[in-house]
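Subject: Structure handover

Hello,

The structure is below, with notes on what was found in it. Please read them alongside the coordinates.

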Amino acid sequence: MSQPVLGAPLDRVEGPGKVTGRIAYTADNDIPGMVHAVVVESTIANGRIAAIDESAARSAPGVIAIMTPRNAPRVDARKVDANDSLLFLLQGDAVEFDRQPVAVAIAETFEQATYAARLVRVRYDVRPPTTALASGERFLPDQIFGKPAQHKRGMPEDAFARAAVTLKQTYRTPTEHHNPMETHATIAQWTGDRLTIYDATQWVFGVQHRLAATFGIDPKAIRVVAPFVGGAFGCKGQTWSHVPLAAMAARLAGRPVKLVVTRPQMFGWVGHRPQTEQVVGLGAARDGTLAAVTHDVLSETSMSDEFVEPSVVFSRDLYAVPNYAMSDTLSRLNISKPTYQRGPGESTGSFAMESAMDELSYALGIDPLELRLRNYSANDPDSGKPYSSKRLRECYAAAAAQFGWSARNPKVRSTSRGRMLVGSGMATASRATHRSPCTVRMRMNADGNVLVQCGTIEQGTGTPTVYPQLAAEILEIPPERVRFEFGNTDLPAAPIAAGSQTSGSVGSAVVVAARRMRELLVSHDGKPPADGFEVELEDSPPPEEAEHATQAFGAHFAEVEVDPDLGTVRVTRFVGAFDGGRILNAKTARSQMLGGIVWGISMALFEDTRYDARSGRIMNANLSEYLVPTNADIPDVEVILIAGDDPFANPAGAKGIGEVGICGSAAAVANAVYHATGIRIRDLPITPDKLIR
Amino acid sequence: MNPFRYERAQSGAAAIAAAQHDGDARFVAGGTNILDLMKIHVEAPSLLVDINRLPLSKIELRGDSVHIGALARLNDVAAHPVVRQAFPMVAIALEQSASPQLRNMASMGGNLLQRTRCAYFRDVAAPCNKRAPGSGCGAIGGENRMEAILGTSERCIATHASDVAVPLVALDAVVNVAGPQGSRSIVLSDFYRLPGATPHLETVLVHGELITGLSVPVLPFGARSTYLKVRDRAQYEFALGSAAVALDIEGGTIRQARLALGGVGTVPWRPRAAEHDLTGAPATRTAFEGAAEAALTGARGYGMNDFKIALAKRTLVRALEMVAA
């Protein structure tokens, strides 16, 4: 072959279909006889439903049924495992958060269902809600991802007390909602006792499993299809209430039902990044060597579930710190259950830890980059395991050179451009790579064309492009001769497309299957027989993979301009360099990093879900008042990929790249704002009011 | 949204007649505000009278005034050479409004009647004296970072949302209205009502009256003007504070000033005392700061929006410096 296939910046095969609208997302599908369901959500955050008057709604045009706690089919709303949560399926009258489903209007058209939903009158017995982090009942969760909620290594208290320089600060990150471009949507169709579900999900098998438990039926009787997913970022990782509600509505109506979650409802029952309050303590020698790090996190959870934002992971697993202590405390609030959002843990934890490292650098008079290098860890500092690969030093060097870091005046408030104060800041990126068992089926036809089947999903990451590319590399055929079939439960089982694990899990299974296919091919003198070859296998991480810690790394450098009078901040330059192991496609990988950085800028400057403390109601549940960046807010972002093999991570050699871009990027912006102004903002987002105080 | 009737008016008289016969009728032009409010159930008109066919889109110089038809789209006004030459601050305010897509749809008459973005006004589950008189003001004691600091009352602190109304107030623009009782002209600063005890009454228009256009008197020094808008993000966002400034300066002395503030008032705010203070004053930062203090006289914060008092002063000073430079 003339050109290397792997890593090449191939255009997305799914791209033209997406930009021309040819590709159908869940809500684009219509089934004959289908009707529409619209969720009525609570307008209070705590209390009980006293009465529901659905008479006006029931007599509205086109209405088939109004589903309320009175007539809703009885189902099992309880969680099926620790990662799952209680669902709100009209099985009772308790209301524990704003925008909880309380009824569903079912009508012939979407417009009729929307109107009927509006006519449902719900009267509540209201109790005062608690939505402030400081006010909730506090408790230590039983575990966080199988580890204790309190953990230490070495003697952190002694080391902190004896350190030459110490720093202890509190950092806050607000509630943030995912808001992928595609809102959640479900289509449900019963055929006797068999159920077909179209769903915007990151895991068709998860939906299958959850619905089987909810309805008490065999998972094999449920077929779940996720045609294309229009962004997810974690909020489509679990099966939320509207999915079974759609199936319940379909049963009540006796017709297939489409249920589309509206944009304001995206702030309801479909998850969010929880607010955190993080106390970071650093103890260091005068030369910047860290002696002790403490990281104590308070984050919110709902009334009926425990979700921990594992912010501590970032500080625990990055720098060479002999003495370390962490704790995770939860605060119970009248909110919907928080969930994973791009870079869960590391995104929020890196803001606190990398802000604190920046503060320490100024306290010691050591360049922020140099301080990181002085605490560079060759091994995972917590487990002591060697990293499967680590090119963080190369990331620092490449990004710093591209940014021109060495030309920076280290003094705060030292640089200006016209009226504007100019500052630059940096931060480290780090994000664990996970891997789960995955099954693929690979078929080579007599003509040499290959079909790869796997029940993973496409959520914008380039699934139909990248895995054929990986198979083609091993089979030494052009990638256009490989087709990838994905997105339904008839296909071999794949793990959830989350946690930066899909390249490692699906990719590795594709690699192992392609290698076996290649052996078959060699044993047949390079020519498949008339009925072709088929390979189906489950690939699981072997025990020896656990001998290494697998983490993606990176370095962020940001430049900002701050108007000293008006407090406005504009990011003017951003350079990021990343170690993601083997890069499968340079174009889709770059897009992942760009997206992560843009979201980090958004986290630094804009995103903030606002609750009215009296009513517990979210007051900015729309994309006008819940701010995300416009193009004008984002400068040219330069992404450098420090590519290289990773022989220990997994057969694909790929570390997770979907989330590392957001980890640390908000801190780089905050650190640049400090360098520009001398004002340290420890609670996100950094808005003009905080800078003109 | 609720079911409603829809009529396309073929003449101004027909539009007015149609509205007059239905107390819950609303006119619709670009629809960028009324349709939004209908979808969130803040508005539930029984009849929408579409006025887009009416010949009210002209932008032209008529004697000493620039006439802007009520149906002129924001982008067309912003791009018009007469507007750009005579009052740059109007063009800038328009260009900083909404998004290009919305500006292609939104009409000038509709923009003057744009409703507040107050979160309590827009949430039918929340109390709001403007939407549901007597239900209380949710913003006082609530999430009020974006709310007004000038012209507020104990019943309402909702910020007026329009950008272009800010320079238009400074320019003494006149609103031309046709209605069941005939035509009349209202100076824009008299057009808006302070919330007081009746925040649901926002203008002096009576039901059935239709804005036909604006007459903006040409200001001899209008070319020396700007509009400065401060907001949380760079585009597509309402103002934390804004200032429209036009200055007539000769030999370093201000002969006349026109000022208005946006994003801080319950109505587009014309600080006449500050204009008076600047008349005859040197064009210096000290004078500008004095004017800014005068402009914010009586300003009151409600907690989360306290910063707007300082920000509005700094915004006005910066705008004055930009025009004086």
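Two residues count as being in contact if their C-beta atoms, placed from the backbone, lie within 7 Å. On that basis, the contact between the two chains takes 24 residues from chain A and 21 residues from chain B. On the chain A side, α3 (110–119) and α15 (688–691) each supply at least two of the residues that touch chain B. That side of chain A divides into 10 charged, nine nonpolar and five polar residues. Note that this is a predicted model.

Within chain A, there is a helix pair to look at. Helix α8 (residues 346–364) and helix α14 (residues 665–677) of chain A pack at an angle of about 35°, and their axes are 8 Å apart. The crossing of α8(A) past α14(A) is right-handed. From α8(A), the residues involved are A:Ser350, A:Phe351, A:Glu354, A:Ser355 and A:Asp358; they meet A:Ala666, A:Ala667, A:Ala670, A:Asn671 and A:Tyr674 in α14(A). By class, this contact has five nonpolar, three polar and two charged residues.

Chain A also has an open sheet of five strands, in the order β17-β18-β23-β24-β25, with mixed pairing. β17 (416–417) and β25 (637–641) of chain A stand at the edges with a single partner strand each, so one side of each has no neighbour in the sheet. β17(A) runs antiparallel to strand β18 (residues 420–432) of chain A, joined to it by two bridges. In this pair, A:Arg417 stands opposite A:Met420 of β18(A). Helix α10 (residues 392–403) of chain A packs on the sheet and touches β23 (551–562), β24 (569–579) and β25 of chain A. The direction of α10 makes about 145° with that of β24(A).

Regards

Key. Residues are numbered from 1 along each chain as its sequence is written. Chains are lettered from A and ligands numbered from 1 in the order in which they are written. This is a predicted model: local features need pLDDT of at least 70, side-chain atom pairs count only at pLDDT 80 or more; totals for chains, interfaces and linings use all residues. Axes are lines fitted to C-alpha atoms, for helices over the stretch in contact, and angles run from 0 to 180 degrees between N-to-C directions. Helices (H or I, at least four residues) and strands (E, at least two) are DSSP runs, numbered from the N terminus. A crossing is left-handed if the near helix is turned anticlockwise from the far one by less than a right angle, and right-handed if clockwise. Ala, Val, Leu, Ile, Met, Phe, Trp, Tyr, Cys and Pro count as nonpolar, Asp, Glu, Lys and Arg as charged, and the others, Gly among them, as polar. Two strands pair if DSSP finds at least two bridges between them.
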